[in-house]
Every structure is written in structure tokens, then in C-alpha cells.
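Biologist: I'd like to learn how to read side-chain contacts in a structure. Could you walk me through a few?

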Amino acid sequence: MAQTQFTQRVFSGIQPSGGLTLGNYLGAIKRFVDMQDEGSFQTVYCMVDLHAITAKLLDPDTLRHNTRELCAGFIASGIDPEKSILINQSQVPEHAQLGWIFSCIARMGWMERMTQYKDKSGKNAEAASLGLLAYPALMAADILLYHATHVPVGDDQKQHLELTRDIAAKFNHDYGVDFFPITEPVIEGAATRVMNLQDGTKKMSKSDPSDKTRINMTDDADTIAKKIRKAKTDPDPLPDNTDALTDRPDARNLVNIYAALGDITPQAVLDQHAGALFGHFKVALSDVAVDKLAPISSEMSRLMDDPAEIDRILRRGADRAREISVPILEKTYDIVGMLRS
Ligand code: AQP
């Protein structure tokens, strides 16, 4: 069978399950902006509100607020709604529709092996929602609904992207077609896994109960500086090479954050700061963080003053997205044998 040539298209999303963190920004949004500005891809970025209720149901007003604030975060970070298609997942109904088809393609064994499902369902998997188990099938639908060829994500999403590839391959094989692309994950940069400020072995996460474990994109300069000052470190000075950070997860995390914010390599950070104690390094890191994040946070709050404008941007995004998603869903239904008359 001749190989289908797919348009170079990027898709990625973030859950409005809480406020945006520095982890979301460095691991995902910063890459989204780079790929938008590179110019070789059509880019589709999404607030995945259907995913946001899988771990636990949110208060409806909180979910609406988080979704608008996430949209403000995307725009304030450099996503241009004219250059990229910016959408809220539930406003493009084809996501859920293709998600159902993929729930019938994916196997239970595949889903139960997902480490995020195991982590989030914890010891009481019986009490987890069916949506939490099905999450990666819906995520595959989000991506493949646009025939996306590239997906920029943080390191924690690697396994879900492998599953997306497995679902595309099984669909193509079972129906004897070459319809869905085998998507490439894009996991790049010094901060593909930003760690918790109080425990460098755990991922920084927006739903961690403790606020001091993360930097929120809405934190003001004083809060950012205070959280960095109180971040867990060790008593040793910074080494002169990155190999020496292997067994120092808290120190490595701060060096990686500095590198990602300053657009330099972790080794370049050590070249500048080798021998420094953390008291000094944290001051330098705070300066870089505030420089980079304060303009984003103030732009977010300006955008949040006009929620009607955010809603208008998302409605327009949904219309543009559906020009791509409707034909792909229709063709999928046709391949599967659903009557289209
Ligand atoms: N700590 C992180 N370091 C690097 N990348 C990260 N991402 C999330 N946390 C980090 C990346 O951000 C994108 C969106 O993630 P998500 O909101 O869909 O879900 P998540 O990965 O589960 O993020 P959180 O903050 O931990 O959310 P909750 O607490 O709700 O589960 C993804 O590309 C992710 O890799």
C-alpha cells in the first residue's frame, strides 16, 4: 500500500485541572510556542477539559475558571490564536466521538498497564472512574482527530504517546487502511521533567496538595522568590559538571529549571555557577524566574479581565478545528461501517 503523506501538524493539550505550573510551561507550552513560530507545522493546542474530570470531579465554576485561565496562559506565553488553532476540547464534539471508537480499539491490558492510571488510581483502583482508565484512548483521539504528526509533551506523557501509536497501528491494521499517522513524540529541552520543589524525586504537579511544591504561572515575584528560597537542596556547593548531579535530584532540578528558563544548557549553568552555595544560586535563579515569568503572569491577569474575549477566541478556534476534525471523523465512521446517509 502506498504510504499516505500527512500534513506536518502539531497537536498537544493541557488539562484545566488546576492552575498552570512551571512544569507545564517548561515541559509543554514553551515548546508549543517554538513549534508554532518555527513555521513548518500547522499547530493545534487544546485545553483538555474532558480529561480534567477523570481523576476527580471539579466544582463547575472552578473548571470554567481554570479553562479560561489556561487559555490566558497559552496566549500570554506566546501562542497566537491567529497562527495556532486554540480550542477547548469539549467544544469540538468529535474528540469524544473518536474517543469512543478508540475505546473499542484499545485493549484492557494496554490501559491497565499505564503508569499514570496506576499512580492516579492508587491502592483503590475499584473506586477510580472509568474515565481515568479510558484517558489515554481519549488522548489518542485528541491527537489523531487532526492526523497530528508531532506531539510536544513532557517526559511523563511518553507512555501515553506510545499507546497512541499502538492505537493508530491497530486501527490501520484491523481495517486494512493507512488512515491514521504514527505520531512522533517531541520530548526535548532541559526541563522535560520539572520536579517538585520539596522533593526532587517527584514530578511538579498542579494537583499536588501543597502549593510550595510548585511555581504557579500566576505567582507574583515575591511568591516565586520565596518558593525558590525554601526549595529543598543539599549543603554541598554546585559541582562543575552535570554528571556530579546524578545523585542530587533537588540540586539537579534547580539547575535544569535555570537552564530551561535561560535557554542555555545545564552544563552552561554549572560553568557560570560552579562552587556557589545554594543560598547564592537561588537568588540568581529567582532573578531569572521572575524576569521570565512575571510578564506572563501579568498578561494572564490582563486577559482574565475580559472573559468574553477568551470565550470568543475559543469559539472561533472550535470552528477552525472542526474544518479538520469533522471530515476525519466522518471518514473514520465510514471505514468502521457506520451508516452515513
Ligand atoms: N513537572 C512537569 N515537567 C515537565 N512537563 C510537565 N507537564 C506536566 N507536568 C510537568 C507537561 O504538561 C503537559 C500537560 O500536562 P497535563 O496538565 O495534561 O497533565 P499532567 O502531566 O498530569 O500535569 P500535572 O500538572 O501533573 O496535572 P495533574 O496534577 O492534574 O495530573 C504535558 O505535556 C505534560 O507532560
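Biologist: Let's start with Arg64 and Asp61: which helix do they lie in, and how many residues apart are they?

Modeller: Keep in mind that this is a predicted model. Both residues sit in helix 3, 3 residues apart, which is about one turn of the helix.

Biologist: What do Arg64 and Asp61 form?

Modeller: Here's the general idea: side chains of opposite charge can pair when their charged atoms come close. In this case, Arg64 makes a salt bridge with Asp61, and the closest N and O atoms are 3.0 Å apart.

Biologist: Is Asp61 buried or exposed?

Modeller: Asp61 counts as exposed, at 53% relative accessibility, because the cut-off for exposed is over 50%. Arg64, at 44%, is partly exposed.

Biologist: Which parts of the chain does the pair Asp263 and Lys292 link?

Modeller: Those two side chains meet in a salt bridge, 3.7 Å from N to O. Asp263 is in the loop between helix 10 and helix 11, while Lys292 is in helix 12, so to speak a link between distant parts, 29 residues apart.

Biologist: Now the rings. How many aromatic pairs are there?

Modeller: Searching the whole structure gives 10 aromatic pairs. Take Phe32 and Phe74: their ring centres are 6.0 Å apart and their planes are at 20°, so this pair is stacked. Phe32 belongs to helix 1 and Phe74 to helix 3, so the pair ties together parts 42 residues apart in sequence.

Biologist: Is Phe32 buried or exposed?

Modeller: Phe32 is buried, with a relative accessible area of 0%, and Phe74 also counts as buried at 0%.

Definitions and conventions
Residues are numbered from 1 along each chain as its sequence is written. This is a predicted model: local features need pLDDT of at least 70, side-chain atom pairs count only at pLDDT 80 or more; totals for chains, interfaces and linings use all residues. Side-chain values use heavy atoms; hydrogens and water are left out. Rings of Phe, Tyr and Trp (its six-membered ring) pair if their centres lie within 6.5 Å; planes under 30 degrees apart count as stacked, over 60 as edge-to-face and the rest as tilted. Helices (H or I, at least four residues) and strands (E, at least two) are DSSP runs, numbered from the N terminus. Buried means under 20% relative accessible area, exposed over 50%, partly exposed in between (1.4 Å probe, protein chains only). A salt bridge is a side-chain nitrogen of Lys or Arg within 4 Å of a carboxyl oxygen of Asp or Glu.
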